[in-house]
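Here is a request for a short briefing on a two-chain model. Please look at the sequence and the fold first.

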Amino acid sequence: MAPPSSRRSSYSRRAQYGVFTGYVIAGVGALIGAILLALSLWRPASFNGPRSVAQDAVAPAAEASAEVRAESQNLIEAIRGYLRAGSQNAELKQEVELARIRLAEAEAIKRENERLKALLGIEQEETKPVAVARLIGSSSASSRRFAYLGAGSVDGVKVGMPVRSPRGVVGRVLEVGRQSSRVLLLTDSQSILPVRLVDDNVVAYAEGRGDSMLRIRLINLGINPLKKGDIFVTSGAGGYYRPGTAVAIVAEKTEDGALARIISDPAATDYVAVEEIWQPEAIRAAETPIEQSVSEADNT
Amino acid sequence: MERADPRSRRDAYGSRINRAHSPLLAYTVPWATILLASLLPVFPIATAAPIVPPVGLMTMLAWRLVRPGLLPVWAGFPLGMFNDLFSGQPFGSGILLWSLAMIVVEAIETRFPWRSFVQDWLIAVGIVTCSIVAAACLSGASLGPPLFAALMPQVLLSLMLYPIIARMISTLDRFRLLRVRILG
C-alpha cells in the first residue's frame with residue numbers, strides 16, 4: 001500500500017491547507033534552527049542555562065547507569081582475570097620483584113626530595129579536591145567531546161576547574177549546573193593543554209583531535225626528541241592545571257611532534273576529582289585588559 | 001455450546017470485547033520513545049571518541065518510515081530541540097538537521113511512494129550519514145582528516161543498527177494500538 005501521506009489530500013480545501021501549513025511550519029522550524037545554531041556558534045555560552053537544567057534533571061538516572069557501568073566493568077575484569085590467572089601470576093611476581101626495588105629507590109628519592117625542599121624552604125601542602133564525583137555520561141554521539149559530571153555548584157564546582165582521575169588529567173569544567181556539570185575532555189578538538197616531558201625540559205602543547213588521540217606540538221622546533229612511550233605531564237603554564245599530572249603517552253612520532261594516547265581515558269574512569277584552579281590570580285591577570293592593572297580590575 | 005475458535009474475538013491488538021485503543025497510548029508512544037532515544041547516548045559510556053550512533057534521530061526516522069503519517073512534517077523541530085539539550089552539539093544544530101531530515105523524507109516519499117524495507121534502510125542510513133557529517137562540521141570542532149576518520153565507526157554502527165531499531169519500532173507500534181479495558 002502506498003503510504004497515506006503520498007495519497008492525494010482530497011479536494012477538501014481544509015485538508016490541503018493543513019498539509020501546506022505542515023510544510024511551512026517544518027521550513028520555518030529548520031530556519032529557526034539555523035538561526036539558533038549561528039547564534040550558539042557565535043556565542044557558545046548562549047544556551048547554557050536550559051542545557052544545565054536539562055542535565056540536572058537526568059543526573060539521577062545517569063548516576064545509576066554509571067554505577068551499573070562500573071560494576072559490569074569490574075565483573076568483566078574479574079572473569080578475564082580468572083581466564084588468564086596462570087600466566088598473569090608469573091608476570092605479576094616478576095613485576096612485584098621489580099616494583100619492590102623501585103619502591104626502595106623511590107623512598108630514597110622522596111627523602112632526598114624532602115631534604116632539598118626543606119633546604120629551599122618550600123612548603124608544599126597536599127591539596128584537597130573540591131569535589132569527588134562520577135563521570136555520569138558523555139556526549140558520545142556528537143563529535144564534540146564533553147562528559148557530564150555528577151557534581152555541580154552545590155558541591156562548590158566552578159567553571160574552569162581542572163578534573164582529574166587517579167591516573168591523570170581528564171579535562172576542565174566548562175559549565176556548571178546545580179547538581180551536574182559539563183566537562184571539556186582533553187580529546188575535544190577545542191582543548192589545548194600546555195605539557196612537558198616527564199623527565200626532560202621539552203615543552204609542548206597537547207591538542208585534542210576529536211578522535212581519541214592527542215596531537216603533541218613542540219614549542220621549540222628543531223630535532224624532534226620524542227620517542228614512542230614518552231610520557232607527558234602538565235607543565236602548569238596557563239595556571240589552570242597543577243604541574244606534574246600525567247596527560248598522555250606518545251604513540252607515534254610525527255614531523256612537528258607526536259600523536260599521543262591519553263593516559264586517563266574517560267571510558268575507564270569511575271570516580272574523578274575536581275580540583276581548585278592552580279593559580280587563579282594568574283588567570284585573572286591574563287583576563288584583565290592590558291590597559292588596566294590587575295588591582296584596578298579587582299576594585300571595579 | 002462450544003466456540004469454534006477461542007481466538008475468534010481477538011486480533012493483533014488483543015481482545016475486542018469491552019476493550020478499545022487508548023488515545024493516550026496511541027499518541028504518546030512515538031514521541032516518548034524518540035525523546036528517550038535522544039537521551040540514550042548520554043548514558044552507556046563516557047568515551048574518548050564519538051562512537052554511539054545518533055539513536056534519537058534514527059528512532060525518529062524509523063517511526064517516520066515504518067509508520068508514515070503519524071509524525072507531522074514539523075516533528076523535527078521540537079524533537080531536535082530536545083536532543084540539543086543533551087547531545088553536546090551547539091544548540092540549534094539538532095533543530096536544523098532533524099527538520100531537514102523530516103523534509104527530505106517527505107520529499108523522497110512523494111517521489112517514491114512504493115518502497116521496500118531495503119530502500120527504507122538506505123534512505124535512513126543516507127540521512128543519518130549526512131547528518132553525522134553535517135553535525136561534525138557544525139559542531140564548532142576544528143575540522144581535519146582525523147575527525148572525519150573518527151566518524152567512520154559511528155556511521156557503520158548506524159548502518160547496522162537501523163534494522164534493529166525498525167523492528168523495535170514495529171513492535172512498539174503494535175503496543176501503541178493495544179486494546180485496553182474500558183472503565184465504566
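The points below cover the model, its two chains and their contact.

This is a predicted model, in which local features need pLDDT of at least 70 and side-chain atom pairs count only at pLDDT 80 or more, while totals for chains, interfaces and linings use all residues. Residues are numbered from 1 along each chain as its sequence is written, and chains are lettered from A and ligands numbered from 1 in the order in which they are written. Chain A holds two closed barrels, one running S1-S2-S5-S4-S3-S12 and one running S6-S7-S8-S11-S10-S9. Chain B has 6 helices and 4 strands.

**Terms**

- Helices (H or I, at least four residues) and strands (E, at least two) are DSSP runs, numbered from the N terminus.
- Two strands pair if DSSP finds at least two bridges between them.
- A residue is buried if 20 or more other C-beta atoms lie within 10 Å of its own, exposed if 12 or fewer, and partly exposed in between; C-beta atoms are placed from the backbone.
- Two residues are in contact if their C-beta atoms, placed from the backbone, lie within 7 Å.

**Chain B overall**

- From the N terminus on, the elements run β-β-β-α-α-α-α-α-α-β.
- The C-alpha trace spans about 75 × 35 × 30 Å along its principal axes.
- Chain B has 184 residues, and 45% of them count as buried.
- Take the contacts in chain B between residues at least 6 apart in sequence: 70% join residues at least 24 apart.

**Annotated transmembrane regions**

- UniProt positions are given in the numbering used here, feature names are shortened, and annotations may be inferred rather than shown by experiment.
- For chain B, the unreviewed UniProt entry places "transmembrane region" at residues 24-52, 91-109, 121-141 and 147-169.
- Residues 91-109 of chain B are 89% helix and 0% strand, with end C-alpha atoms 29 Å apart.
- Residues 121-141 of chain B are 86% helix and 0% strand, and their end C-alpha atoms also lie 29 Å apart.
- For chain A, the unreviewed UniProt entry gives a "transmembrane region" at residues 20-42.
- That span of chain A is 100% helix and 0% strand, with 33 Å between its end C-alpha atoms.

**Helix H5 of chain B**

- The expected span of a helix is 1.5 Å times one less than its number of residues.
- H5(B) has 22 residues and should span 32 Å; its end C-alpha atoms are 31 Å apart, which agrees.
- Its buried residues include B:Asp120, B:Ile127, B:Ser131 and B:Leu138.
- The buried residues of H5(B) pack against helix H1 (13-42) of chain A, and against helix H2 (55-66), H4 and H6 of chain B.
- B:Gly140 follows H5(B) and has a positive phi, near 85°.

**Contact between the chains**

- 55 residues of chain B are in contact with 55 residues of chain A.
- On the chain B side, the elements giving two or more residues are helix H3 (76-87), helix H4 (93-111), helix H5 (117-138) and helix H6 (145-176).
- H4(B) supplies the largest share of that side, 9 residues.
- By class, that side has 39 nonpolar, 15 polar and 1 charged residues. Ala, Val, Leu, Ile, Met, Phe, Trp, Tyr, Cys and Pro count as nonpolar, Asp, Glu, Lys and Arg as charged, and the others, Gly among them, as polar.

**Chain A: barrel S1-S2-S5-S4-S3-S12**

- The barrel closes with 6 strands in antiparallel pairing.
- Strand S1 (residues 131-138) has 6 of its 8 residues buried, so it is largely enclosed by the rest of the structure.
- S1(A) runs antiparallel to strand S12 (residues 271-274), with 4 bridges. A:Ala133 stands opposite A:Val272.
- S1(A) also runs antiparallel to strand S2 (residues 146-149), with 3 bridges. A:Gly137 has A:Tyr148 as its bridge partner.
- Strands S4 (residues 169-176) and S5 (residues 181-185) pair antiparallel over 5 bridges. A:Glu175 stands opposite A:Arg182.

**Chain A: barrel S6-S7-S8-S11-S10-S9**

- This closed barrel has 6 strands, again with antiparallel pairing.
- Strand S10 (residues 246-254) pairs antiparallel with strand S11 (residues 257-262) over 6 bridges. The two form a hairpin with 2 residues between them.
- A:Ile249 of S10(A) is the bridge partner of A:Ile231 and stands opposite A:Arg261 in S11(A).
- Strand S9 (residues 231-234) joins S10(A) through 3 bridges, antiparallel.
- Strand S8 (residues 213-218) joins S11(A) through 5 bridges, antiparallel. A:Arg215 stands opposite A:Leu259.
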